[in-house]
Amino acid sequence: MDGMIRPRLYSCCNCRTCVSVHDDIISKDFQGRNGRAFLFSHVTNVDVGRKEDRQLTTGLHTVADVFCTDCGELLGWKYERAYEPTQKYKEGKFILEKSKIVKDDW
């Protein structure tokens, strides 16, 4: 070890491409398609799919699926628009499914 503090990384479960850091988690109390999910302020190395309206547990949202840029694994979605005023904080944020990401370097 060189004494440097390394960020705690999250990576794609399939190919281990880094997709976010622990410090960018806003909440771990979200539900994805396949169980628990985390709300992130920033992600990297993802491709954003086309926007579509989806009825989620917290109301109607415009979302776009996000995929790993390296292997194409579906990781979660990006909130493009929230129709309920109490949900506006999610706009521009990302859901990554816990089952689709792994902790790296910790």
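Two residues count as being in contact here when their heavy atoms lie within 4.5 Å. Keep that in mind as you look around this predicted model.

**The annotated stretch**
- The UniProt record, an unreviewed entry, carries the annotation "domain: Yippee" for residues 8-105.
- Over residues 8-105, the chain is 61% strand and 0% helix.

- You'll find C13 in the loop that links β1 (9-12) with β2 (18-21).
- Leaving aside residues up to four places away in sequence, C13 touches E73, S99, K100, I101 and V102.
- Take E73, one of those contacts: C13 and E73 are 60 residues apart in sequence, yet their C-alpha atoms are 8.4 Å apart in space.

**Strand β4 and its partners**
- Strand β4 spans residues 35-40, and five of its six residues are buried, so the rest of the structure largely encloses this strand.
- On one side of the story is β3 (residues 25-32), which runs antiparallel to β4 and is joined to it by five bridges.
- β3 and β4 make a hairpin, with two residues between them, and G32 stands opposite G35 in β4.
- β4 also pairs with β8 (residues 94-97), again in the antiparallel sense, over four bridges.
- In that pairing, F40 stands opposite F94 in β8.

Definitions and conventions:
Residues numbered from 1 in each chain as written. Predicted model: local features only at pLDDT ≥ 70, side-chain atom pairs only at ≥ 80, totals over all residues. Heavy atoms only, no water. UniProt positions renumbered as here; feature names shortened; annotations may be inferred. Buried < 20%, exposed > 50% of the residue type's maximum accessible area, 1.4 Å probe, protein only. Pairing = 2+ DSSP bridges.
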